[in-house]
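The sequence and the model come first.

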Amino acid sequence: MKILFICTHNRCRSILAEAICNHISNGRIEAKSAGSQPAGVVHPLSLKFLAEAGIATQGLSSQSWDEYEAWTPEVVITVCDSAAGEQCPLWLSQAIKVHWGLPDPSRIEGSEEQIKRAFQQTMQTLQARIECLLASNFEQQNEEQIRALFENIGNR
């Protein structure tokens, strides 16, 4: 299954989701991430905390969803509220679209420990959701069942 994680600036949450999903899915899922208005650079703390968790960061980049027009994901997951309200490009119209809203850990102001906890919480939430998906038999489900599965997981 191909999943495209979208966040407006594609610098933190969608990057974390892509990396975690590819790390734990053992090839069952091919994840990418993109944004409608990419920042052009991955947030340095995203890379730091992924590396600390033993998750590969090479190849991660902040890029436009236009980069994936030919890739054709089956599922598009928005992970920020602003992206959830955006009009997706026409070429994404065939994909199942769901929202897995998460607070932006890169916007937390506080001590280093508070910021680290915010990133870790976001990463733990994403990992739990992806593990739930991997525990299902999504490969044997129809489109309606897959949509319901992803929506249910996003509400956890």
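The model is predicted, so local features need pLDDT of at least 70 and side-chain atom pairs count only at pLDDT 80 or more, while totals for chains, interfaces and linings use all residues. Residues are numbered from 1 along each chain as its sequence is written, and side-chain values use heavy atoms, with hydrogens and water left out.

**Gly154**

- Gly154 lies in helix H5; helices (H or I, at least four residues) and strands (E, at least two) are DSSP runs numbered from the N terminus.
- With a relative accessible area of 11%, Gly154 is buried (buried is under 20% relative accessible area, exposed over 50%, partly exposed in between, with a 1.4 Å probe and protein chains only).
- Gly154 and Asn22 are 132 residues apart in sequence, and their C-alpha atoms are 18 Å apart in space.

**Nonpolar cores**

- A nonpolar core is a set of buried Ala, Val, Leu, Ile, Met, Phe, Trp, Tyr and Cys residues joined through side-chain atoms within 4.5 Å.
- The largest nonpolar core has 39 residues, and Phe5, Ile20, Leu50, Ile77, Trp100 and Phe150 have the most contacts inside it.
- At least two residues of this core come from each of strand E1 (2–6), helix H1 (13–24), H2, strand E3 (75–78), strand E4 (96–99), H4 and helix H5 (143–154).
- H4 gives the most to this core, with eight residues.
- Another core, of nine residues, lies apart from it and includes Leu4, Ala34, Tyr68 and Leu92.
- In soluble globular proteins, nonpolar side chains tend to be buried together.

**Aromatic pairs**

- Rings of Phe, Tyr and Trp (its six-membered ring) pair if their centres lie within 6.5 Å; planes under 30 degrees apart count as stacked, over 60 as edge-to-face and the rest as tilted.
- By this rule there are four aromatic pairs.
- The ring centres of Phe5 and Trp100 are 6.3 Å apart and their planes are at 55 degrees, so this pair is tilted.
- Phe5 is in strand E1 and Trp100 in the loop between E4 and H4, so the pair ties together parts 95 residues apart in sequence.
- Phe5 counts as buried at 1% relative accessibility, and Trp100 counts as buried at 0%.
- Phe49 and Phe119 form a tilted pair, 5.2 Å centre to centre with 40 degrees between the planes.
- Phe49 lies in helix H2 and Phe119 in helix H4, so this pair ties together parts that are 70 residues apart in sequence.
- Both Phe49 and Phe119 are buried.
- Phe5, Trp100 and Phe150 are linked into a cluster by ring pairs.

**Largest pocket**

- A pocket is an open set of points on a 1 Å grid over the protein atoms alone, where a 1.4 Å probe fits, with protein on both sides within 12 Å along at least five of seven lines; lining residues have an atom within 4 Å of a point.
- The lining of the largest pocket includes Ile20, Phe49, Lys116 and Met123.
- Helix H2 (44–52) and helix H4 (112–135) are the elements that give two or more residues to this lining.
- The largest share, five residues, comes from H4.

**Positive phi**

- Most residues other than glycine have a negative phi.
- Asn10, in the loop between E1 and H1, has a positive phi of about 45 degrees and counts as buried at 1% relative accessibility.
- Asn26, in the loop between H1 and strand E2 (30–34), has a positive phi near 50 degrees and counts as exposed at 73% relative accessibility.
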